[in-house]
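User: I have a two-chain model open and would like to learn how to read it. Could you walk me through some of its features?

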Amino acid sequence: MTMQVTVRKQLGSADRHFALDIAFDSDSRRIALFGPSGAGKSLTLRAIAGLLTPDSGRIVLNGRTLFDSEARINVRPQERRVAYLFQDYALFPHLTVEQNIAFGLARGWRNPRRGASHPEARRWIDAFGLRAITGNYPGEISGGQKQRAALARALVAQPDIVLLDEPFSALDPALRVRMRAELRALQANLEVPMLVISHDPDDVEALGDHVLEVREGRIFGAAPVKGHPQVYAPASAHIV
Amino acid sequence: MTTLEAVWVPLSLSLKVAGWATVLNAVLGVGAAFALSRWQSAARDVVDALLTLPLVLPPTVLGYYLLVLVGRRGIFGEWLGRLGIELVFTWQGAVVASTIVAFPLVLKSARAAFEGVDAQLEDAARVLGTPEAGIFFRVTLPLASRGIIAGVLLAFARALGEFGATLMVAGNLPGRTQTLSVAIYEAVQAGDDNTANLLVLVTSVTCVVLLVAAGRLVPPTRKAFR
């Protein structure tokens, strides 16, 4: 996989101002953006998914241009083939787990039927051990199950890349460790590249080969090779 | 005229008029509410205020506006007449009057319901490849449906009780434009207390049933929203 991202965006109201100016290239299948909250990681992810339009820049994934301000290219999020795992999973509360997972398979104006079997969705339901709760609603399942369901929903669409926004922040510490191991195993078994953003060094170490540190809207440091780069130490750690 | 007829004729006309007004409002009110909830513009508040006007203006003022606009010598009256549409002194005129009077009730509830839908869920559908129209019908509308249904029921109740604007536009023709509330007015004027009592009772019961149904649907239960 190859990925070239240049994103510039000015955001702000009268009293608050934020400048996003991110640029990085990667050919890793496991990219991690690391940095404190408010650094612009989520904005970068939203720009890659097409949910945020940059002021200028260029986003190229596997040679396919998704956004180019100069060439006036802006592929709609629907056609980017980029999956997005939201921080709190954003499962549709009015649909069952199976309907959620099959959501991307239904093309028309109607949701997948409740109780009907969707073979492509079934594959991921079995892979994530969700068979017992296919008929449940998101409000009725645990945090770990929600994450598995959200991952299954994202993978059914056969995306070119999966973007993960702070994937474990909604989980309690014990579950976090387990889900992190699970996601790592998934990375090892699947071909699909993943870009994860997190403020947690443990996430970055487990899930990223190419680690980029983001601070105040910019890429601050990078560790292109697997290792323990010094950027892991938060910049403010020695000040306190 | 038997007592049964005295109740049934205006009741069925009221239900017909309120039913049509509700169908029209369900489409127009929900459409306008969705547009307003997504429209980023300074003019939005002005448009919202104008569309809410029927809620605060006296119905007689609305009726007068309607006569000016669609009356036989009104601004659009002649043009409508050539199309064969006659609104003054017809039940269709009563439908138009009721629709306008009840419109803000659907608009307000539906707009609040649409604004309460988590934008992230729409984004989630977007990255899953769902076209915008699909997002509306598969995510936004179902999640806003409770608020919308409650607003539509309120609008139905309001249309059922419409008096002022309806009287001015459609008049008081027994069997043709005489709705329940107009029939009550006439019964009282004529000193026919028995008919008046019966009509008042029927109207009250119908409205209470509707309001209980509306109250059941809003606020939404916690379980439905995680």
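Predicted model: local features only at pLDDT ≥ 70, side-chain atom pairs only at ≥ 80, totals over all residues.

User: How many helices and strands does chain B have?

Analyst: Helices (H or I, at least four residues) and strands (E, at least two) are DSSP runs, numbered from the N terminus. Chain B has 10 helices and 0 strands. Its C-alpha trace spans about 65 × 45 × 30 Å along the principal axes. Of its 226 residues, 39% are buried. Buried means 20 or more other C-beta atoms within 10 Å of the residue's own, exposed 12 or fewer, and partly exposed in between, with C-beta atoms placed from the backbone.

User: Is B:Arg216 buried or exposed?

Analyst: B:Arg216 is exposed, because 12 other C-beta atoms lie within 10 Å. This arginine sits in helix α10 (residues 193-217) of chain B.

User: How do I read a pair of packed helices?

Analyst: Two packed helices are described by the angle between their axes and the distance between the axes. Axes are lines fitted to C-alpha atoms, for helices over the stretch in contact, and angles run from 0 to 180 degrees between N-to-C directions. In chain B, helix α2 (residues 44-56) packs on helix α5 (residues 91-115) at about 120°, with the axes 7 Å apart. That angle makes α2(B) oblique to α5(B); under 35 degrees counts as roughly parallel, over 145 as roughly antiparallel, 65 to 115 as roughly perpendicular and the rest as oblique. Residues making the contact include B:Leu51 and B:Leu55 of α2(B) and B:Phe103 and B:Leu107 of α5(B). Contact means C-beta atoms, placed from the backbone, within 7 Å. By class, this contact has 8 nonpolar, 1 polar and no charged residues. Here Ala, Val, Leu, Ile, Met, Phe, Trp, Tyr, Cys and Pro count as nonpolar, Asp, Glu, Lys and Arg as charged, and the others, Gly among them, as polar.

User: Which way do the side chains of strand β9 of chain A point?

Analyst: In a regular strand the side chains alternate between the two faces of the sheet. From β9(A), A:Met194, A:Val196 and A:Ser198 point one way and A:Leu195 and A:Ile197 the other, and all are buried.

User: Which strands pair with β9(A)?

Analyst: Two strands pair if DSSP finds at least two bridges between them. Strand β3 (residues 30-34) of chain A runs parallel to β9(A) and is joined to it by 5 bridges. On this side, A:Arg30 stands opposite A:Met194. Strand β8 (residues 161-165) of chain A also pairs with β9(A) in the parallel sense, over 4 bridges, and A:Asp165 stands opposite A:Ile197.

User: Where do the two chains meet, and how many residues are in contact?

Analyst: In the interface, 21 residues of chain A are in contact with 21 residues of chain B. Strand β7 (residues 82-85) of chain A gives the most to chain A's side, with 3 residues. That side divides into 14 nonpolar, 6 polar and 1 charged.

Conventions: Residues numbered from 1 in each chain as written. Chains lettered and ligands numbered in written order.
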